[in-house]
Amino acid sequence: MHRDAFLSDSCPPMGIYETLYAFRDSFGQFMGTEGTHPWSQGFPLTTQLEGGPPLPSSVEVSWEDRFYPKAWGHPRLREAIAAHYNDFYGSSIAPENVMVFAGGRPGLFAVLAFLKEHVQVRIANAEWPAYLDLLTQTETNWQVVPSNAENGFHPPNSAYFQRDGLNARTHLLPVISNPGNPTGHTRVDAELEELMALAEQPKCGILLDEAYEMFHHSRGVSGMRYVQDLDNSNVFLAGACTKGLQCPGIRVGWIVASKHNIEVLSNFSSFGMGGVSHPSQLYAVELLERGRVAQARQAVDDHYSMQRARYGAAFEDMGLRVATGDGGFYHWLQLPEGLNARELNQRLFKHGAAILEGTDCDMARPHAKDPEYVSPYASWFRFSFGPLLPETFESDVAILRQVLEEYRADVRSGS
Ligand SMILES: Cc1ncc(COP(=O)(O)O)c(C=O)c1O
């Protein structure tokens, strides 16, 4: 470490990167390279899915695209995003309700960075590791909502809005990934309607992260369907081209919110971001073409529901506890008695594979890594089938089965 460095000593990479570095040290190659099994990775297939639309291979760039972008996003993309919600979810939002970011994370970061002091975030105990870093680094005030085997890793909506012990000044902002990362639990229909109604109450809001919007058998799930009065709310919906539109590399995401809140975010862009690459935004416009999205939603659901079902059955068959919901592209699994995910990973590394340890998803884990803290998720892990081709199913299952059998045998023999 450089002792006189001006930048913070407490800005570690997201938890998963520690696993990735440990993997590289053990296996000698980076996760994702040829011969590795990226079960720890949260990216989708970036090639055409069976029955899905082709992915554009180029985008036209004119002299105008070399200008500075607009702080709030390219007018064509804002229009395409607004139309996406209005077409699929029956809303009537305007382009002025949309702000474009360079991916999902920068949008989430900006919302949290500019929260007023009296806003308290509520977040489920098991959520996406990046949230922990985002909340910590933005010095957000947050409280954890229990999420465990007892409540099926699906806390009731009301748990996010409990006001016991709060003063009247405090406003509540649940942060929820829906479908959920890492659990796949998804709020839809009446439950989602109730969630949005609670979020539109006085002193309440929500940051609903819909990165996995298309990964559900309803072929698209968005709280936008139930929002009554966006412009008078503190509802923030986060979306991106990263998962269902299969393009993590173009770095396009967005926040949908009231016009006032969008204006604040675009002011931030004007001094802190400078807008988002025009070629990427134009590419995103093509991705969001209505007919194309309709076809993509069907293909994404066909492929990923099939993978979710067959991996889930195989995991149950090997004695893992499967606690996954019905959305997303992850399985949320518990190892049998006595086994823990850290040790499983050490063993998987030797086979070129890795999983995301449940502890990394623990929002109650003090970021400073208190050595006394025991995470309730030590025996839990997330298996990603996002990047896996259908052809690798048998070999993926065989590796996990073998490693698990060896690990169990070693535990039984005490070695
Ligand atoms: C819950 C969740 N939100 C948002 C994102 C989008 O991230 P980005 O577009 O910054 O890659 C991800 C990606 O892993 C995610 O899992």
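Tutor: Domain bounds come from an automatic or database domain assignment, and the model itself is predicted. In this case the protein chain is divided into domain 1, which is made of residues 15-49 and 302-407, and domain 2, which spans residues 63-292.

Student: How far apart do the C-alpha centres of domain 1 and domain 2 lie, and how many residues does each domain bring to the contact?

Tutor: The C-alpha centres of the two domains lie 26 Å apart, and the contact takes 29 residues from domain 1 and 32 residues from domain 2. On the side of domain 1 that touches domain 2, α1 (15-27), α8 and β9 each supply at least two residues, and by class that side has 15 nonpolar, 9 polar and 5 charged residues.

Student: In what order do the strands of the open sheet follow one another, and which strands stand at its edges?

Tutor: Strands of a sheet pair through backbone hydrogen bonds, either parallel or antiparallel. Here 4 strands form an open sheet in the order β8-β9-β11-β10, with antiparallel pairing. Strands β8 (321-322) and β10 (356-357) stand at the edges, and each has a single partner strand, so one side of each is left without a neighbour in the sheet. Within this sheet, β9 (residues 330-334) and β11 (residues 380-384) pair over 5 bridges, and Gln334 stands opposite Trp380 in β11.

Student: Which residues of strand β7 lie on each side, and are they buried or exposed?

Tutor: In a regular strand the side chains alternate between the two faces of the sheet. For β7 (residues 253-256), Gly253 and Ile255 are on one side and Trp254 and Val256 on the other, and all are buried, so that both faces are covered. Strand β7 pairs antiparallel with β1 over 4 bridges, and 4 bridges also join β7 to β6 (residues 235-240), again antiparallel. Gly253 has Phe101 opposite, and Ala240 also stands opposite Gly253.

Student: Why is helix α7 described as largely enclosed?

Tutor: Of the 10 residues of α7 (residues 278-287), 7 are buried, so the helix is largely enclosed by the rest of the structure. Among the buried residues are His278, Tyr283 and Leu287, and what covers the buried residues includes α2 (75-89), β1 (98-101) and α8 (290-317).

Student: Which residues come nearest to the ligand?

Tutor: Of the 13 residues around the ligand, Gly103, Gly104, Arg105, Ala211 and Thr242 come nearest, and the shell divides into 4 nonpolar, 7 polar and 2 charged residues.

Conventions:
Residues numbered from 1 in each chain as written. Predicted model: local features only at pLDDT ≥ 70, side-chain atom pairs only at ≥ 80, totals over all residues. Near = placed C-beta within 6 Å. Nonpolar A, V, L, I, M, F, W, Y, C, P; charged D, E, K, R; others polar. Buried ≥ 20, exposed ≤ 12 C-beta atoms within 10 Å, placed from the backbone. Contact = placed C-beta atoms within 7 Å. Pairing = 2+ DSSP bridges.
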